[in-house]
Amino acid sequence: MNNISIGRYIPYNSKVHRLDPRLKLFVMVLFMVMIFLPFGGSGTNYMDFIAYGIIAIVIFIIMAIAHVKLSMLFKQLKSIWFLVIILFVFNLLMKSDGKSYTLFNTVTLYYEKALYDTAYIFIRLLLMISLTMTLTATTTPLDLTYAIEWYLIPFKLIKLPTHEIAMTISIALRFIPTLLDETDRIMKAQASRGVDFQNGKFKEKVRAIISLIVPLLVSAFQRSEELANAMEARGYNPGAKRTRYRLLKWKMLDTFALILSLAFFGLVLYMSISNFDLVMQIKNIMG
């Protein structure tokens, strides 16, 4: 459980940490849009991976500036390998085009298309996890709440409780690492009492999981009740007019980062719309 880093804030005085949280949230949405853009390149498949490689380089540069270690990302990936393997097996059996291999003269495995589609989805997951981890590692839960609430201001016109929604999202993100730490503590406590989470028959594993889920749910409800009592004791009133101890101020660094982000988004969008083929362009220049 210690492999999960999403939701953990890492205090540091980097340029990314000092950026306005509203900008960081906006840039994350821009990158999410870029990740899901199609890159054809005259019908070729390699342009998808070239474009994703360019996006990945930019994301890794941002992570380096923010002092977010790649080892944290690799720890995150450990939890999705099983999902990737299952996805690859399904693609092997379900795809019906590309190079194939017949197993035992009965089952046809389309390995070329399966490898491509699995790698395609895995890279998307990798980039999205990197973005989310960088955002939560460089932005405090309170600043993230302010940013979400600021973007929800137009919905106040239809009497939508924007502050409550932003606070709920922020608390949910903040509780991810807390619940993971609690899960790890309960697993160690149950293991010391003889519960085996790794070995045993299916029925025994189900019992082991139940012995983990029940105390985890009880602990989660207790923590939520304690949080509610603490907020009430401090006079929290979601319907009252609120003031802020720290006001968000837009700086020149934010403007510069916004211009760079929009320029990169425009470049990637052009590559997608125009079916830009980088390899073909290089061949034309070379010869």
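His 17 is buried, with a relative accessible area of 12%, where buried means under 20% relative accessible area with a 1.4 Å probe and protein chains only. This residue belongs to helix α1, which covers residues 15-18; helices here are DSSP runs of H or I with at least four residues, strands are runs of E with at least two, and both are numbered from the N terminus. A polar atom of the His 17 side chain lies 2.7 Å from the backbone oxygen of Ile 10. Leaving out residues up to four places away in sequence, His 17 touches Tyr 9, Ile 10, Pro 11, Tyr 12, Lys 24, Ala 66, Ala 137 and Thr 138, a contact being heavy atoms within 4.5 Å.

The model is predicted, and local features need pLDDT of at least 70, side-chain atom pairs count only at pLDDT 80 or more, while totals for chains, interfaces and linings use all residues. Residues are numbered from 1 along each chain as its sequence is written, and side-chain values use heavy atoms, with hydrogens and water left out.

Turning to the whole chain, there are eleven helices and two strands, and from the N terminus on the elements run α-α-α-α-α-β-β-α-α-α-α-α-α. Of its 287 residues, 34% count as buried. Among contacts between residues at least 6 apart in sequence, 72% join residues at least 24 apart.

The largest nonpolar core has 48 residues, and Phe 31, Ile 55 and Leu 127 are those with the most contacts inside it; such a core is a set of buried Ala, Val, Leu, Ile, Met, Phe, Trp, Tyr and Cys residues joined through side-chain atoms within 4.5 Å. At least two residues of this core come from each of α2 (21-35), α3 (46-65), α4 (70-77), α6 (111-138), α7 (141-151) and α10 (252-273), and α6 gives the most, with eleven residues. Apart from its neighbours within four places in sequence, Ile 55 is in contact with Phe 31, Met 34, Ile 35, Leu 127, Phe 264 and Val 268.

Two packed helices are described by the angle between their axes and the distance between the axes. The axes of α2 and α10 come within 10 Å and cross at roughly 10°, the axes being lines fitted to C-alpha atoms over the stretch in contact, with angles running from 0 to 180 degrees between N-to-C directions. That makes α2 roughly parallel to α10, because angles under 35 degrees count as roughly parallel. In this contact, residues of α2 including Leu 23, Phe 26 and Phe 31 meet residues of α10, among them Asp 254, Ser 261 and Phe 264.

Key
Buried < 20%, exposed > 50% of the residue type's maximum accessible area, 1.4 Å probe, protein only. Parallel < 35°, antiparallel > 145°, perpendicular 65-115°, else oblique. Polar contact = N/O pair within 3.5 Å; in protein donor to acceptor, adjacent residues only side chain to side chain.
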